[in-house]
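Visitor: I am new to this structure. Please pick out one part, look at it closely, and tell me what surrounds it.

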Amino acid sequence: MKFCSECGESVQLRIPEGDNRERFVCGACQTIHYQNPNAVVGTIPLHVDESGQPLVLLAKRGIEPRHGYWTLPAGFLENGETSAEGALRETIEETCAKVENLQLYRVLNVARTNQIHIFFRAHLPEPSFTTTPESTEVKLFPFEQIPWRQLAFPTVHQALRDFVDEYPDGPFTPAMHDITRQSWHELDY
Ligand SMILES: [Zn+2]
């Protein structure tokens, strides 16, 4: 950041009094501009068809980053939203699917990119969804056809891998993992 969003003057990186790390501080109005991690929220939409087969809904990204790769519906939490509300909204925006009964499943710390990703298990009662401006393809996958090598992000891989491994008996206990630079290389394909 170069300029103060309050007054437009230039900012400098320095440690404010009583703080212990550098912040952007405005030289004119003295506003301290804190920068903190962003939350990404999403769902693992599960549909069970008439024959009892479990299917998970994935979207092919039509936008950068990771254009053309598959993802669980997820995106940045907005101000004024709860994490579950955000996950529900992102699922609709990216797939037009109306999921319900959201259950907290995975919290994934991505300290390297200053993000925390929260995934909910979700029930998709009707196999009803479409492409959207953000997704060029939306599709239900039997677990054995999940495109593991074409997944967009290590967080999506981790949440989905855990879910498929635990299905159908659980325990589906909410858990937290740290996603590191090594995570891509450690993926067990
Ligand atoms: Zn200022």
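Guide: D165 and R161 both sit in helix α2, four residues apart, which is about one turn of the helix. Their side chains form a salt bridge of 3.1 Å, N to O; the term requires a side-chain nitrogen of Lys or Arg within 4 Å of a carboxyl oxygen of Asp or Glu. This is a predicted model, in which local features need pLDDT of at least 70 and side-chain atom pairs pLDDT 80 or more, while totals for chains, interfaces and linings use all residues. Residues are numbered from 1 along each chain as its sequence is written, and side-chain values use heavy atoms, without hydrogens and water.

D165 counts as exposed because its relative accessible area is 53%, whereas R161, at 25%, counts as partly exposed. The cut-offs are under 20% for buried and over 50% for exposed, with partly exposed in between (1.4 Å probe, protein chains only).

The whole structure has eight salt bridges. One of them joins R89 and E81 at 2.4 Å, N to O, and both of these residues are buried. E81 and R89 also belong to a salt-bridge network with E90 and E93. Another bridge, between R23 and D19, spans 2.8 Å, N to O. There R23 is buried, at 14% relative accessible area, while D19, at 23%, is partly exposed.

Helix α2 itself covers residues 154-166 and supplies at least two residues to the lining of the largest pocket, as do β7 (74-76), α1 (83-95) and β9 (115-123). A pocket here is an open set of points on a 1 Å grid with protein on both sides within 12 Å along at least five of seven lines, and its lining residues have an atom within 4 Å of a point. Of the 25 lining residues, V40, P65, Q115, H117 and F153 lie nearest the pocket centre. By class, the lining has 13 nonpolar, seven polar and five charged residues.

In the chain as a whole there are three helices and 11 strands. The C-alpha atoms fill a box of roughly 65 × 30 × 30 Å along the principal axes. Of the 189 residues, 41% are buried.

Notes. On a 1 Å grid over the protein atoms alone, a cavity is a set of points where a 1.4 Å probe fits but cannot get out, and a pocket is an open set with protein on both sides within 12 Å along at least five of seven lines; lining residues have an atom within 4 Å of a point. Ala, Val, Leu, Ile, Met, Phe, Trp, Tyr, Cys and Pro count as nonpolar, Asp, Glu, Lys and Arg as charged, and the others, Gly among them, as polar.
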